[in-house]
Amino acid sequence: MAAAVAVGALALGVAAQPVAFAAGRPDSVQRGLDGLVREAGVPGALATVTEGSGRSRTYTAGVGDVATGAGVPRDGQVRIGSNTKVFTAVVVLQLVGEGRLRLDDRVEDHLPGVVRGEGFDGRTITVRQLLQHTSGIPDYEAEVGEAIERGRYVEPREVLEIAFRHPATSTDGKTFHYSNTNYVLAGLIAEKLTRRSLASEIDRRVVKPLGLGHTYFPAPRDRGIREAHPHGYHQDAVGGPLRDVTAIDPSAAWAAGQMVSTNSDMNRFFGALLEGRLLRPQEQRAMRTTVPVEGSDVGYGLGLISRPLSCGGVYWGHGGDIAGFETRGGVGPDGRAVNIAVTTDPADYKVTRRLEGLVDEALCR
């Protein structure tokens, strides 16, 4: 997970304004991807647009391997970063629907003695606040980037130790502060209740029922990407050299950002989720009840984000960054789903703005 995911930019595009792409033309998405490569400097880009009818169109631009010039695999696998949070949230909300926990349970009820720090305490923080990033628990992400890129396995307890060295980001239980630590704790709660690994629960409850054949939660110390995929690259600064970071250990991201998928699988996942195929109506409503993200017109629910569309209404999705990849997308009011990935975690936030703008254009055209 790149440090750019920090709340200042959120790496969620919360401050992004739609970028003007020529709407209605047959190849507007392709032109948008080409522009990301030609003008924004990303090595490769790939997208899938899925209509409400289920018909999909896939696109690629740039190269999948800078060293060889090989093309970008159509609908290739990518690391989806914080989109993983939505899968984790679904598992927790299914457990709520099964009566195995309540959203207003205290974290202490399930992880006794675990959450203690300056200005935050698991005895006063609820499961709902974890999923909605209103707990005030600090993030750990800025301190694990080197471990990810060097391929070092990091256990959940280690990232908690890092996070808990820092003071609370807020203490009112209502203010949004994006923190990956929240979802590590949510994942630990799910594992304790099910007595199974989070990876197996995501696979059993979401991946297999929806037929997401190209989506998986990497096993411990698994540094590769299983199927056809573009290489992922990192720049330390705008204009700097690209460093191949395809082979990393994403374990530090865990329940907050470890998974691998394809654009088409992500469209299927978000489409099914928004159609109510994964949650009961009560949990579905809770998931879509948002708090404002300061300085934007974006709302954060329980693992879902709503963003306004330039053509009216909102779309629901998430987005994610991890070393080598950035993904954005979601589902619009008419059921059209779009997911776009670029093969770098951009050093320049203008790239993220362009990517957000292309999602908006693809959903509105």
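## Basis of the description

Residues are numbered from 1 along each chain as its sequence is written. Because the model is predicted, local features need pLDDT of at least 70 and side-chain atom pairs count only at pLDDT 80 or more, while totals for chains, interfaces and linings use all residues; side-chain values use heavy atoms, with hydrogens and water left out.

Helices (H or I, at least four residues) and strands (E, at least two) are DSSP runs, numbered from the N terminus.

## Strand β1 and its two partners

Strand β1 covers residues 44–50 and is mostly covered, with seven of its seven residues buried. Buried here means under 20% relative accessible area, against over 50% for exposed and in between for partly exposed, with a 1.4 Å probe and protein chains only. Gly44, Leu46, Thr48 and Thr50 point one way from β1, whereas Ala45, Ala47 and Val49 point the other way. Residues on both sides are buried.

Two strands pair if DSSP finds at least two bridges between them. With strand β2 (residues 56–62), β1 pairs in the antiparallel sense over seven bridges, and Thr48 stands opposite Thr58 in β2. The hairpin of β1 and β2 has five residues between the strands, and Gly54 takes a positive phi near 105° there.

Strand β1 also pairs with strand β15 (residues 337–342), in the antiparallel sense over six bridges. In this pairing, Leu46 stands opposite Ala341 in β15.

## The helix pair α2 and α9

Helix α2 (residues 84–97) packs against helix α9 (residues 263–274) at an angle of about 35°, and their axes are 12 Å apart. Axes are lines fitted to C-alpha atoms, for helices over the stretch in contact, and angles run from 0 to 180 degrees between N-to-C directions. The crossing is left-handed, a term for a near helix turned anticlockwise from the far one by less than a right angle.

From α2, Val86, Phe87 and Val90 meet Met266, Phe269, Phe270 and Leu273 in α9, where contact means heavy atoms within 4.5 Å. The residues of this contact divide into seven nonpolar, no polar and no charged. Nonpolar covers Ala, Val, Leu, Ile, Met, Phe, Trp, Tyr, Cys and Pro; charged covers Asp, Glu, Lys and Arg; the others, Gly among them, count as polar.

Strands β11 (residues 305–308) and β12 (residues 314–317) run antiparallel and are joined by four bridges. Arg307 stands opposite Tyr315 in β12. The two strands form a hairpin with five residues between them, and Gly312 in the turn has a positive phi of about 105°.

Two bridges join β12 to strand β14 (residues 325–331), again antiparallel. Gly330 in β14 is the bridge partner of Gly317.
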